[in-house]
Amino acid sequence: MGYGRSDSYRVATTQENKDVKEKPKAKGADLEELKKEVPLTEHKMSIEEVCQKHNTDIVQGLTNAKAAEFLIRDGPNALTPPPTTPEWVKFCRQLFGGFSVLLWIGAILCFLAYAIQAATEDEPAGDNLYLGIVLSAVVIITGCFSYFQEAKSSKIMESFKNMVPQQALVIREGEKLQINAEEVVAGDLVEVKGGDRIPADLRVVSAHGCKVDNSSLTGESEPQNRSPECTNDNPLETRNIAFFSTNCVEGTARGIVISTGDRTTMGRIATLASGLDTGKTPIAKEIEHFIHIITGVAVFLGISFFILSIVLGYSWLEAVIFLIGIIVANVPEGLLATVTVCLTLTAKRMAKKNCLVKNLEAVETLGSTSTICSDKTGTLTQNRMTVAHMWFDNQIHEADTTEDQSGASFDKSSETWVALARVAALCNRASFKANQESLPILKRDVAGDASESALLKCIELSCGGVKAMREKNKKVAEIPFNSTNKYQLSVHETEDENDNRYLLVMKGAPERILDRSTTIMVQGKEQPMDEELKEAFQNAYLELGGLGERVLGFCHALLPEDQFPKGFAFDCDDVNFPTENLCFLGLMSMIDPPRAAVPDAVGKCRSAGIKVIMVTGDHPITAKAIAKGVGIISEGNETVEDIAARLNIPVSQVNPRDAKACVIHGSDLKDLSQDQMDDLLKNHTEIVFARTSPQQKLIIVEGCQRLGAIVAVTGDGVNDSPALKKADIGVAMGISGSDVSKQAADMILLDDNFASIVTGVEEGRLIFDNLKKSIAYTLTSNIPEITPFLFFIIVNIPLPLGTITILCIDLGTDMVPAISLAYEIAESDIMKRQPRNPARDKLVNERLISIAYGQIGMIQALGGFFAYFVIMAENGFLPSRLVGIRLYWDDRSNNDLEDSYGQQWTYEQRKIVEFTCHTAFFVSIVVVQWADVIVCKTRRNSVFQQGMRNKILIFGLFEETALAAFLSYCPGMDVALRMYPLKPSWWFCAFPYSFLIFVYDEIRKLILRRHPGGWVEKETYY
Amino acid sequence: MTKEEQKPGEGKEGKTRWTDCIYNPRTGEFIGRNASSWGLILLFYLVFYGFLAGFFCLTMWVMLLTLEDHVPKYNDRVPSPGLVIRPKSLDIVYNRSDPANYGQYIRHLDTFLQRYNDSEQASNELCLAGEFYDQDAEAQKKACQFRRSTLRICSGISDPNYGYSEGKPCILVKMNRIIGLKPQGEPYVNCTAKRDSPLSVQYFPAAARIDKMYFPYYGKKVHEKYVQPLVAVKLLLTKEDYNKEITVECRVEGSNLRNNDERDKFLGRVTFRVLVTQ
C-alpha cells in the first residue's frame, strides 16, 4: 500500500485503490473517475463564456422555467447520502445472521421430521410441526426486533441531518429570491454575504471584501479572499471559485453556480470518502467470535449426539429430533436481542450526554479505544479567539479566558489601560450583531474577523460600552489592514467637546508598531522609548509569542490641532498625516483558549491508558502551547527541542529517546518512512502533529492502527472525513462539523466538546463489562437446557425439559434480567485501567465459558434435575425406575406402564407428569437464575460491596418469577405450551442449588480479591 | 485492510504452525496449557464435581426420606384408571386358518393368564362379592381370588386357542391399577363396534362386571399377590365380518370412572381394531 505524498487530498485517497478495485466494476470505474483532477474550467473562462455555458444572464439570472428544467435535469443540489444498503438486505441480514442460521436449520429439521411422520404415520403428532413454526417465528421476531432497533438508531441520524434547512439567495428573472439551497441549479446567479454558507460551487463574478473559510475543504484555517479574477490554474487555489459548503466569512460576493450537489468539488470528495472500506467494529468482531464459539459447541454436540443416537439404535427420525433439541438448547435465542437492547440503552444514555451514536456498535468502540487523535480547533479549544494576555506598564497582565468568566481579572485602573482599551475599541471594525443585548457578551455574534472580535469582546467585558465609545469618538478616516503595511489605523474625533484635536489610533504587528513609536506610555505618562523599555518589549513579545498567542501592538497619537484643524480632510490613499512618532501603548495577545473541561478530560484519558495525540493544521508553537495547556504534553515532559534549548546543545545531539513528548511538523512527517513513523508513535507518549494535511491525518491513523491500537479520530472538516472513516471510531463535531464529516463519522459530539469523548469512553467500557455479565448470565442457563437432552439420550429417562420450555427461558424469563445487567454500575473506577487489548481481552473467553458452562451451569443443571426427580418420585416414579424407561414411556400404545408402586399409567397420564416436570425444571432454572443474576452483577466485588441498587434488575427478578408463575398457572397453558400447574413445594426444590450458586461464587470472588493474580483469577476471572 | 494485517508479535517468535494449537513442543503446551496447568484445572473440576455429586446425592437422599414406602406422595395425576386389552396390540389382525399367524396372541394370553391359574389363586382370599375389601389396618394386605376359570371359554383351559381359530377371538380387558381407587357404582365393561349393525359379544364373567371386591389396591410392596380383575370379551364374529376391519370400543360404564376424556383416549375406554381373514 503506497502512501500518497502529494498535498492534494485526492491523491491521498488513492491508496484505497486496492479496496476499491475489489468492488464491482461499475462502482470502481466511478471512483476512478472521481479521483481525477477536478475538471473545473470555469475559472479560466471569462464571465460571458460561463454565462453562455450555463445559459444564464449575468444580470437577470436564470428564468424560472429554465431553473425548473435544470432542476429536473440535475436533481436537487444536495449530496446524495452514501449508498445505503437496501432495507430488505438489512432485514435479511438480521434474519439470517448470527444464530439465526442454526435456528433455521432447526426449524427445517422440524418440518422435515413432521413431513416424514406425516408420510409414514396415520396420525402424526403435531409436536414437530408446532416446534418448527415456533422456531421460525422466533427467528423472524428476533430478526424484526433487531432490524427495528437498528432502524431506530439510524433514524436519530436522519432527524439530526434535517435540523438546519439551508437557504440561498438567488437571482432569477432579475428578482432576488430566498430559496431552499436544494433548489439551486447550475447557472443560477447567487449572492452570498458574510456568515452564509456557499450553496454550490460558484464562479465569482463580483466581490466586495469577500473572504471565505476553506478550512473544511483544504484544512487552511485562514480565511481567503475571493475576487472575480483567475489567479491560479488550479481551481482549488484560484480566487474566483467559491466552493460548495464552505463559509463566507465576511464581505459579499455574487457568482454563477457552475455545479451542484454531487458534482461539486466537495460532493466528489464526499462520494469518494464514502467509498472507503471500513473494518468491523471491535464489538462486532467480539460478537462474531462468540457466535463462532457457541455455534461450534452446538454443531459439535449436535453432530456427535446424532451419530451417537444412530449408534445406540435410535431411528433416523428420533436422531433428527434429538438434533433439533440440542440445537435449540445450545443457541441462546434471546442473547443477540439482549445485546442489541443493551447497546441501544447505552446509546440513549450517551445521547443524553451529548454523544450521538450513529452506529450502535460504535457504542463500545470508544471503550476499547487506546489512541485518540484529536483535532485542536473547536474540540480542545473554544474555537473563539480570546484576549489572553496584555502587556502594558512594562508588565504582563493576564486576561480571563474561561468560558464563564470565572477566572482572575487584572488591574484596570491604570491610565495606560484606559488608553489601550480605547485604541483596541476604536481601531476595530468588528461589531456586535443587532438584537443580542440579552445574551452574555461572550455568546454574542460578532461581524468581523476573529482577532478583532476577540478585542471587541475583551473591551466590552472589561470597560463596556464600545458602541457608545465609538459614537463619541467619530471615525473620520481609516486605513484597513493589509499585508504590506501590517497595520491598521483610524483617525477619530475625541470625546472631549473642547478638544478639537484628532486622535490617531493604530494596531498591527508589534514590531511594526514599535518601529513607528518614539514614546511609550507607562502609568499614564508618556516616556521616550529607551533601550531598556525596548528590551522589555522584546521579552514580552517573545514570551507571549512563545505561548502560541497572536500578538498585536497598539499605539496612538493626538494630532496637533494647528496642523490638523477640525474638518481636516484626511486622505487615506495618499496619506497626508503622520503615521510615525506615535506613542506606544502596549500589546494584547490572543489565543483560541482551551475549553475548561478539556485538561481534566485529557487527564482522565491518560489515567485510562488512552494516548491522546493532537493533530492540527495549526502552527507548531500554537499547537504546543495548547497541548501544554490541556495536558496533552504534560508538565515536566520535554520535547527534543526543549532539551536542546535547556542544555544549550544542537537538536541533533539530543537522544530522541530522552524526550517523551514531541511536536512534529507536517513537512517533517512527509519525509518519514513507515518504520520511522512506527518508531515515532511507539517511543513518544505525547505527540503533537502540527501543520498536517488531510492525507497525513490518514497516515497517522493508519500508523496507530498498524501498531495495534484502536483509534478514535475527532474532526470536523470534509478533509477529515477519510481519517474519520478509516478510524475505528470517527467522532464528528455536531456544531462546527460539516455534513460530510458527520456522514463519515460513527459518533457525533453534539456540544463539540472533547470532554464528552471521555464520557463516551466510560460508557463504552462499562457496556463491555456489562455485556460480559449479560452473556455470562445468559450462557449459564444453556447447560441446564442441554443436559436434559443428553441424559434423555444416554440414560433413557423421560425427557426432563422440552424444547418449548427452553424457548420460554431463552426468550422469556432470561430476557429482562439479562438486559437489566446493562444498567449495572461499574465495580471499580473503569477510567483507571488500561484499554482492553483486542487481541487478548475477549468479550467471551474460555474463563467465562468455564464459569458459565463448567461451574454455575452445572449447579443449575443439578437443581433442575433435582426438581425433576422430586416430581417423578412423588408421583410414583423413583429414580431407579426411570433409568431406561424411555422406550416404554414414549410408546403411545403402552397404556399400562407400571411405576415404582405398582400403579399403571396411560400414555397421556404419564405425559402430564412429564410436562409437569418440564414446568418444574423450567421454574427451577428461573430460581437458580435468580442467584445467577445476582452473582453476575459483579465480576470481582462481592454483591455486598456492589449493593442491590439496580432497580431494573430487581424488577427483572420479579418479572421472571411472575412470568414463570403465569406460564405455570394460567389456565389453558396445558394446551398452548404444555405447561402444568406446580404444587407450591416444587418451587422450592432448586432453592438449595440457588443458594449454593450464591455461596460458591461469593467464595470464588473472595479468593479472587484476596489473591490478585492467583490461580483463581487466572482460571475464572472473565 | 491494515487492521487485519497487523497481528502483533506474529512471525517474531519463529515459525508457528497450526499444530501448535494442539501440541506446542517448545512450551510443552497441549491445547494451550502445560501439564501442571492441566493437572490443576482437572483436579479442580474433579473436586468441584465430586462436591456437586455429593451435594446432589444429599438432596436426593433427603427427598427420598420424605417419601413413603408403599404409597406415592401424590396420585392426583392418576385420578381415573386407564383401560387396556390383552393381547397387547391395538390391531388384532390374523388369518384364522393359519395357527402360526395368531400364535403370538395365544402365547401372549397364555403368559398373561399364568398368574390367574386356579392353582395359584387358591391361596388368595375368597372375598365377598360386591363389597370393597378394605384392609387398611393390616400390615400385609391380602388379595382376592380371581380364578382363570371364571373366564370360561376365554380362559384358555377348555379352548387353548381362545376362540382365535374359530374366528371368534377373546380379548381380555383390564383396568389399570391405581392405589386406593374405589370406584363408585357398579362398574362393568361394555364393548361396541363402531359400525351400523351391532356386533354380538359375550362377556366373562357374566355381565362384564368388575367386582368391587378387587378394590382398593394397596401398592405392590404390601399387596404382592394382588391380581387385577379381568373381563374377557368374546367377539362373536360371523362370516360376514371376516375380511372386514372392525373397530371395537370398550368402555367402563356404570360407575364414576371417567370414560370420555377428550385428550386421553385410554381413560376408562379402549379402542382397537380387529381384522380376521379366512
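1. Buried area is the accessible area that two parts lose on being put together, summed over both. In this predicted model, chain A and chain B bury about 4900 Å² between them. Carbon and sulfur atoms carry 58% of that area. On the chain A side, Glu874(A), Tyr901(A) and Gln904(A) lose the most area to chain B, together 15% of what that side buries.

2. The contact count pairs 58 residues of chain A with 52 residues of chain B. Eight salt bridges cross the interface. One links Lys220(B) to Glu898(A), with the closest N and O atoms 4.0 Å apart.

3. Several elements of chain A give two or more residues to the side that touches chain B, including α25 (694–706), α35 (907–936) and α39 (991–1010). The largest share, 12 residues, comes from α32(A).

4. Confidence next. Chain A averages a pLDDT of 84, and 92% of its residues score at least 70. Residues 1–29 of chain A fall below 50, yet this stretch has 53 contacts in the model beyond near neighbours in sequence. Where pLDDT is low, predicted coordinates should not be read in detail.

5. Thr714(A) sits in strand β24 (residues 711–715) of chain A. Thr714(A) counts as buried because its relative accessibility is 2%, and the cut-off is under 20%. Its side chain makes a 3.4 Å polar contact with the side chain of Ser374(A). A polar atom of the Thr714(A) side chain also lies 2.9 Å from the backbone nitrogen of Asp375(A).

6. Chain B divides into domain 1 (24–65) and domain 2 (83–277). Their C-alpha centres are 55 Å apart.

Technical notes. Residues numbered from 1 in each chain as written. Chains lettered and ligands numbered in written order. Predicted model: local features only at pLDDT ≥ 70, side-chain atom pairs only at ≥ 80, totals over all residues. Heavy atoms only, no water. Helix = DSSP H or I, 4+ residues; strand = E, 2+ residues; numbered from the N terminus. Buried < 20%, exposed > 50% of the residue type's maximum accessible area, 1.4 Å probe, protein only. Polar contact = N/O pair within 3.5 Å; in protein donor to acceptor, adjacent residues only side chain to side chain. Domains from an automatic or database assignment. pLDDT = per-residue confidence, 0-100. Contact = heavy atoms within 4.5 Å. Buried area = accessible area lost by both parts, 1.4 Å probe. Salt bridge = Lys/Arg side-chain N within 4 Å of Asp/Glu carboxyl O.
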